[in-house]
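Student: I would like to go through this model with you, one part at a time. Could we begin with strand pairing?

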Amino acid sequence: MSNKKTAMVGTPCQILAATKINRYEEKTGGSPIDVKIGLFCMENFSYQYLKRYLKSRDIELFEVKEFRIEKGQFVAYLIDGNVFKIPIAETEPFTRKNCHICTDYTSDVSDISVGSVGSPKYHSTVIVRSQKGKQIIDACIAEGYIEAEAISRKGQDLLEKIANQKISKNTRIYKKREAIGRPVLSKRQISEEEFYDECGKCQFDNLQNDVISVGSCVLCGACEYVCPIDAVQINNRKPVSVKECEEDCHACYFACPRTFISDAIYPEGIDEQPLGEYLEIYSVKADSIMGQDGGVVSAILVYLLENNIVDEVSVVGEDKDAPWRPESYLTSKIQDVIKAAGTKYSTTTIGFKALTNKK
Ligand SMILES: Cc1cc2nc3c(=O)[nH]c(=O)nc-3n(C[C@H](O)[C@H](O)[C@H](O)COP(=O)(O)OP(=O)(O)OC[C@H]3O[C@@H](n4cnc5c(N)ncnc54)[C@H](O)[C@@H]3O)c2cc1C
Ligand code: SF4
Ligand code: SF4
Ligand code: SF4
């Protein structure tokens, strides 16, 4: 494993996997991830299905300049100036179904969470959660990387309302799944002692049965990353085992964000706190960067690199041969961070891919 300190940007499920990997380091081997920047996330979309859907509406992905989620609509701004929009409720044909058991909207276990909801256009909403996150945001403000003001009451109410909508809609779905014998282990919160006991019995076969076969895998790539003997491989569709497991190894089961979660990670009753636990919430913009919203994620990453707080950052750019197809990479170059700004609203195996490739 690289000794370099890394900042990771990711969706709540990816940030949860990073948290588990580091907390259960003695089982998983740990990671260099030192700063976790979580994005808000209602759901993600399948790249193939998004591409196919747009094609059925006579739009090719290379014609799209920008995707945005605005006022309940999924919007594609085209290079020729046309705009294609559909209500979010009609994105079902390309929504990733495995997202529908997820109740974390604002990346509750990150150091800093960032999204658009709650702030004016071209601003980002920033939730500061840990002391480390607070030091970073305070320094970014003091050194002029970002401009921040307290979120408005109206903005926070809207954010809480949307987070609660995700919790209640997806709680209904995961309860239905449990009722028909498709376990949703990540929602069965247990004590730390029980967690060690349960995960300590499990290997890849169990991950296959408890997560992958029941439609819970979110393709974060944590299982592939932590496997000490490279027994897991992920293609674009799912993790597969390519060799027999090492005796007494349970790393993938400990790391996976869709196996059990101990109450040491998500305190009991977290679903009653729509924004999780936090210290401060701001509306923020970074004038120097053209990002998805306020350019704030990229500005924070630039601050971290320029001040040697981390050595590398993991960002999600685009596959050079396929427009809008997300591709993750590690970099220490400011120009790479700026190039990766903007949201790619789809998924492939992006979460830990960059770290796995570097292992
Ligand atoms: C799948 C997805 C769903 C989202 N849903 C919501 C939502 O419902 N409500 C909301 O308010 N905000 C949502 N966001 C977050 C929002 O789109 C912006 O990413 C956020 O507001 C930060 O904007 P910014 O201008 O500060 O970041 P920027 O400076 O533009 O930086 C964006 C960062 O996001 C990373 N990134 C881009 N695509 C992905 C990806 N697919 N997976 C992981 N990282 C990626 C890039 O590496 C870059 O570092 C979502 C993001 C994603 C990836
Ligand atoms: S499981 Fe889906 S909805 Fe949940 S954080 Fe991951 S990408 Fe977002
Ligand atoms: S050896 Fe088996 S149990 Fe251990 S991480 Fe690899 S796949 Fe999982
Ligand atoms: S099975 Fe692997 S890729 Fe899927 S959610 Fe679990 S750790 Fe992530």
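Student: Which residue in strand 5 stands opposite tyrosine 77?
Tutor: Valine 83 of strand 5 stands opposite tyrosine 77. Strands here are DSSP runs of E of at least two residues, helices are runs of H or I of at least four, and both are numbered from the N terminus. This is a predicted model, in which local features need pLDDT of at least 70 and side-chain atom pairs count only at pLDDT 80 or more, while totals for chains, interfaces and linings use all residues. Residues are numbered from 1 along each chain as its sequence is written, and chains are lettered from A and ligands numbered from 1 in the order in which they are written.

Student: How many bridges join strand 4 and strand 5?
Tutor: Five bridges join strand 4 (residues 73–78) to strand 5, in the antiparallel sense. Two strands count as paired if DSSP finds at least two bridges between them.

Student: What sheet do they belong to, and which strands are at its edges?
Tutor: The sheet is open and antiparallel, with three strands in the order 3-4-5. Strand 3 (64–70) and strand 5 (83–87) are the edge strands, each pairing on one side only. From one strand to the next the twist averages 15 degrees; angles run from 0 to 180 degrees between N-to-C directions, and axes are lines fitted to C-alpha atoms, for helices over the stretch in contact.

Student: And the eight-stranded sheet: what is its order?
Tutor: Its order is 8-11-7-6-2-1-12-13, in an open sheet with mixed pairing. Strand 8 (147–150) and strand 13 (326–331) each have a single partner strand, so one side of each is left without a neighbour in the sheet. The twist there averages 30 degrees from one strand to the next.

Student: Which residue is the bridge partner of valine 315?
Tutor: Tyrosine 329 in strand 13 is the bridge partner of valine 315. Strand 12 and strand 13 pair in the antiparallel sense over six bridges.

Student: Which strands does helix 4 lie across?
Tutor: Helix 4 (residues 131–142) lies across strand 2 (33–39), strand 6, strand 7 (124–128) and strand 8, and runs at about 135 degrees to strand 7.

Student: How does helix 4 pack with helix 10?
Tutor: Their axes are 10 Å apart, at an angle of about 95 degrees. That makes helix 4 roughly perpendicular to helix 10, a label for angles of 65 to 115 degrees. Ile136, Ala139 and Cys140 of helix 4 make the contact with Ala299, Ile300 and Tyr303 of helix 10, where contact means C-beta atoms, placed from the backbone, within 7 Å. By class, this contact has six nonpolar, no polar and no charged residues. Nonpolar covers Ala, Val, Leu, Ile, Met, Phe, Trp, Tyr, Cys and Pro; charged covers Asp, Glu, Lys and Arg; the others, Gly among them, are polar.

Student: Changing topic: what surrounds ligand 1?
Tutor: Ligand 1 has 33 residues around it, the closest being Met42, Gly115, Gly291, Ser298 and Val315; a residue is near a molecule or strand if its C-beta atom, placed from the backbone, lies within 6 Å of it. Strand 1 (6–10), strand 6 (112–115), helix 10 (296–306) and strand 12 (312–318) each give two or more residues to this shell. Helix 10 gives the most, with three residues. The shell divides into 18 nonpolar, 13 polar and two charged residues.

Student: Which residues are closest to ligand 3?
Tutor: Phe204, Cys227, Cys245, Cys249 and Cys252 are the closest of the 14 residues that surround ligand 3. That shell has 10 nonpolar, three polar and one charged residues.

Notes. Contact = placed C-beta atoms within 7 Å. Parallel < 35°, antiparallel > 145°, perpendicular 65-115°, else oblique.
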